[in-house]
Amino acid sequence: MERKKSDDFDQDDDQKPQHNKVLVEAAFRNQAVPPWTKQITVRAMVTSFILSIVFNFIVCKLNLTTGVIPSLNVAAGLLGFAVLKFYTAILTKIGLLKQPFTRQENCVIQTCVVASSGIAFSSGTASYVLGMSGVIAAQGDGANTPLNVKNPHVGWMMGFLFAVSFLGLFSIMPLRKVMIMKYKLTYPSGTATAYLINSFHTPKGAKLAKKQVAVLFKSFCGSFLWACFQWFYTAADGCGFVSFPTFGLQAHAQRFYFDFSSTYVGVGMICPYIVNISLLVGSIISWGIMWPLIEKNKGTWYSADIPATSLHGIQGYRVFIAIAMMLGDGLYHVAYMLIMTSYSLCCSPKTKEEKTLESSSPPLVNPSTASTEAGTEVLSENYDEERRNEHFLKDQIPNWLAFVGYVGLAIVAIIFIPIFIFRQLKWYHILTAYMIAPVLAFCNAYGAGLTDWSLASNYGKFAIIIFSAWVGAPKGGVVAGLAACGVMMSVVSTASDLMQDFKTGFLTLSSPRSMFFSQVLGTAMGCVMSPLVFWFFYKAYPLGDPDGPYPAPFALMYRGMALLGVEGVGSLPKHCVELAGSFFAASIAINLITELLKRYETKYKLYRFIPIPMCMAIPFYLGSYFAIDMCVGSLILYLWQRKNRQQADDFAPAVASGLICGDSLWGVPAAILSLVNVKPPICMRFFSASANAKVEKLLSGD
């Protein structure tokens, strides 16, 4: 799923515990806050680099399998804490520690790692980049001319990412005080990460973090060894535990089975229940009901001689109905965010606190001058906010730097991209995109602050259709539209990520400068690592094969959107347009019903049980196997919470992160073995009784 939601161990807003007023900064009032130059340390950058490699492999694998990516903020914060805590503990024992490990340094590591893995998402290696390739173009049966095909290569992918990935950082930077201090936007992921990091650096939190690291390591080892064990049974396609017919052979033929993937069991433990249920509902509607009914009309609705992978056959229904649902859901949320943003900025009355903030600078607080009463230190009720405001305003980044940076980088991209990378795009196409992008970046960052949803991929989808239609098929409109998607997605995605990091820095007293520069460094790491990791998979496996281990579902979907832009809907199979239009409208209607129930039905809170259209659309193309994995993860979490809620809340994220990391990192040695032509020794395959009898007869020579 391309929209990323926060670490949501509480499954909805109504289940979140209520807390009394707690002064978080009181626990740190006797600790000096290091200057921003000492928050970005060599050891922090080395740790970030190592963890970035790990997280890039994880995100790349998730992108290439289903595209469902959970928030990895908790894992990044926890692993960053564990690595540096271990390193500094050793230096302390031998008496060589010169600078203590602080929460600000922990925040820098988390920011850098998440920025790097964020590029693995926004780089589009498994979506718009792979969608340009000849492999995916061959499945599309349209616009397969040389101008509409561009195969991936490390060189141009790196150059493109360096040209487009940094503009988003400058587009939104001048609004950091407005977003964080004036409007006090929540940014749930940034807030949750900040409180996690703050808790690690208290005595009680450090003990819990040590236990969480131990649990994560055990989970990681178990997942890695299980993936290694499964490898021995996968000598050919269709072999191994991944093809185990859990619910019978007929159900397996419709992609209903449990494939023993610890990655997606872990993802299911992190994602909210409603996400996993939505995936399962979408699987039942599509593979359980719709596709079998449509296939009965084979020869009438579409030619019986067309291959199963052709967009003019059953694959066309799968892809374009899924696209319609995604576009309907995306259009609704974009419109909703624009309306809410406009209303909030123009019509909402200012609070007393906001007026005070506008009229005067925040008070500077020196903890040593706090009042005392009967020998006990008494702190102001607003002590946390006052201290955070002080440090957030301390190290300013001049607004002229943001303007010069954005304009300068835009000029470089406008010149560099059309000449050296995508000749299908002209300078005025990119100029248009960069004139629109800051407005969309603001809307996305503001919306993410309210809801934690990033709509970067939705803006990218609209860019595909608009720019591909603008350029046209004869001039390479397919590649132009997909490249424009990359330009738009990179700006919008990195802008909201930066604002999330500013929120995390605000709550941990980390300098805005250290947050900005760690984001820049993480982005640079991602621009190098993401293409290299993708290239590793690209050379080792047949990417984009619908029946292979890495189907990369969004590659064909994104190319399908570009084909819609250049060819229109006339080439789709019979009744596909009507069905797609119906699901487009249904997607908008479901969102409207959910919003109305949120506002007007508060007794039973029925909105919690309405599926999410974006999630429902993903299995329309892929099938339900990964949805079943994720529902198993949800079931494990649910039973664990029923037995011991506190233990589940403390350790479930660590277990889930270990499952994801272990299974994903097995992909590295598996890919190396594939590159050197080392094959698994066993093929475990499943047959019906009649088919098995035929096989035995054939083998016996009777």
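Predicted model: local features only at pLDDT ≥ 70, side-chain atom pairs only at ≥ 80, totals over all residues.

**Stop one: the pocket lining**

Start by selecting α2 (42-65), α11 (203-231), α12 (249-253), α13 (262-270) and α28 (667-675): each gives at least two residues to the lining of the second largest pocket. Helices here are DSSP runs of H or I with at least four residues, strands are E runs of at least two, and both are numbered from the N terminus.

Residues are numbered from 1 along each chain as its sequence is written, and side-chain values use heavy atoms, without hydrogens or water.

Now zoom in on the pocket, which has a volume of about 1,500 Å³. (A pocket is an open set of points on a 1 Å grid where a 1.4 Å probe fits, with protein on both sides within 12 Å along at least five of seven lines; lining residues have an atom within 4 Å of a point.) By class, the lining holds 24 nonpolar, twelve polar and eight charged residues.

**Stop two: a helix pair**

Select α10 (188-200) and α21 (477-508), whose axes come within 8 Å and cross at roughly 35°. Residues P188, Y195 and N198 are among those in α10 that meet α21, where the partners include Q500 and L507; contact means heavy atoms within 4.5 Å.

**Last stop: zoom out**

Show everything as cartoon: 29 helices and two strands. The C-alpha atoms fill a box of roughly 95 × 55 × 55 Å along the principal axes.

How values were computed:
Axes fitted to C-alpha atoms, helices over the stretch in contact; angles between N-to-C directions. Points joined across faces, edges and corners; volume = space filled by probe spheres on them. Nonpolar A, V, L, I, M, F, W, Y, C, P; charged D, E, K, R; others polar.
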